[in-house]
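Good morning, colleagues. Please look at the structure on the screen, and I shall then guide you through a few of its helices and loops.

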Amino acid sequence: MNQLAKEKVQQAIGILEEQGIDLWLTFVRETTAGGDPVLPIIYGSDLTWQSALMISRQGDTIAIIGNLEKPAAEAIGAYDELIGYDTAVRGPLQEALKRLDPQSIAINYSQNDVHADGLSHGLYEVLLGHLAGTPYAERLVSAERVIASVRGRKTPNEIARIRSAIAATEQLYADVFDYVRPSMTEIEINAWMRTQAKERGLDLAWEATFCPTVNAGPDSPVGHVPPMDIQVAPGQIVHFDFGAKTQDYCADIQRVMYFLAAGEDAPPEPVQKGFDTIRAAIEAAMAAMKPGAKGVEVDAAARKVVTDAGYPEYMYGTGHHMGRTVHDGAGLLGPMWEKYGQSPQLPLEPGQVYTVEPGLAVPGYGYIGLEEDVLVTENGAEYLSKPQTAIVIGRQD
């Protein structure tokens, strides 16, 4: 049995009741060629022929699938009723809908959330063809809000997996802090960390080219960029962005080091000020993270700390959902910029896991970006990662 898929299907029933939606229909085909992002959560395996996964607010859980895939669905155990077919899904689909007679049917399309936009335009037209001659084509609505809550609200099982990924990430960070020395290049450090992850049986939370990101000093470009042949040097910051993935769930953590220059016994004032500013911005975001708060409000609290300290605003959101993927879910701790659509307007919900990751450049020294993984609770927010509260001083022996 896929216990996690069963948990998420049951969770979806309550969410449909909350939102007043009668039925959630996930319609897929040949998912190895382009699967719906929600399928791993509510089913846990690929499907070949046209298939309909149906969850109702009354508690019905129905999978209409090809007969050749029924044994696999039985083993997964997430759906109480399995309806198999051999030549066409149309008949069983119409019969199930007639029996349930939903007044609203949520399907997986969205303008704002890529994780809720798994129904391709072509397959949507196929679905409309199957519903021709019935009243149900007029009852279709977006599943955006349903998927936002199902994907965003982590179960205890999911949170345990995220904690495991965070623990593995933090251990590798402790080891790389001890490993890095001046004259090592970003490429060398990236390769060492990826080798360590593989030897420890860890997957990477995102594409290996950028995981980890290593930025040595002020000349290293920050963002989703590959490591460069730039050397670590005394008097400079080294910035990392890395996450391990274990049991299909991710961590996403940023950390910074500083290598003392000759005559220094502590990081210079510009570096310390930058670090302290980012720490304060993270704490401001944490204080604003309460159920019902909007992502744009949390972002504004963190962003104001950075700009009030005299730094330019960072040109990205303060944080994002994290879970099965490193950018996971609908909500965003971000400003109302066009590229983010309405995502920053979504309210925070208990059980959601976000990153909090403001950043700034310290001219002449490098980039300071800290990133913590945070759980939204009934009363506010709590750290899942152990926050970096002091600059790590690199070894030079």
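Is Asp 101 buried, exposed or partly exposed? At 38% relative accessibility, Asp 101 counts as partly exposed; buried means under 20% relative accessible area, exposed over 50%, and partly exposed in between, with a 1.4 Å probe and protein chains only.

Before I continue, a word on the basis of these values. This is a predicted model, in which local features need pLDDT of at least 70 and side-chain atom pairs count only at pLDDT 80 or more, while totals for chains, interfaces and linings use all residues. Residues are numbered from 1 along each chain as its sequence is written, and side-chain values use heavy atoms, with hydrogens and water left out.

Asp 101 is found in the loop between H4 and E5. Helices (H or I, at least four residues) and strands (E, at least two) are DSSP runs, numbered from the N terminus. The phi of Asp 101 is near 50 degrees, a positive value in a residue other than glycine. A second case is Glu 30, with phi near 35 degrees, again positive in a residue other than glycine. Glu 30 lies in the loop between E1 and helix H2 (39–42), and is partly exposed at a relative accessible area of 42%.

Let us turn to the helix that Asp 101 follows. In H4, the residues Pro 92, Leu 93, Ala 96 and Leu 97 are buried. They cover an arc of only 130 degrees around the axis, which puts them on the same side of H4; the arc is that of the directions from the helix axis to the C-beta atoms. Glu 95 and Lys 98, on the other side of H4, are exposed. As a general point, an α-helix has 3.6 residues a turn, so residues three or four places apart point the same way.

What do the buried residues of H4 pack against? Their partners are strands E1 (23–28), E2 (51–56), E3 (61–66), E4 (81–85) and E5 (105–107), together with H5.

The axes of H4 (residues 90–100) and H5 (residues 121–131) come within 9 Å and cross at roughly 70 degrees. Axes are lines fitted to C-alpha atoms, for helices over the stretch in contact, and angles run from 0 to 180 degrees between N-to-C directions. H4 and H5 are therefore roughly perpendicular to each other; under 35 degrees counts as roughly parallel, over 145 as roughly antiparallel, 65 to 115 as roughly perpendicular and the rest as oblique. Contact, meaning heavy atoms within 4.5 Å, is made by Arg 90, Leu 93, Gln 94 and Leu 97 of H4 and Leu 127, Gly 129, His 130 and Leu 131 of H5.

A second pair is H1 (residues 3–19) and H6 (residues 144–152), which pack at an angle of about 135 degrees with their axes 9 Å apart. That makes H1 oblique to H6. The contact involves Lys 8, Gln 11, Ala 12, Ile 15, Leu 16 and Gln 19 of H1, and Arg 145, Val 146, Ser 149 and Val 150 of H6.

How accessible is Ser 149, and what does this residue touch? Ser 149 is buried, with a relative accessible area of 2%. Leaving aside neighbours within four places in sequence, Ser 149 is in contact with Ile 15, Gln 19 and Glu 349.

Finally, the peptide bond from Cys 211 to Pro 212 is cis, with omega near 10 degrees. Pro 212 lies in the loop between strand E7 (203–204) and strand E8 (213–216). Thank you for your attention.
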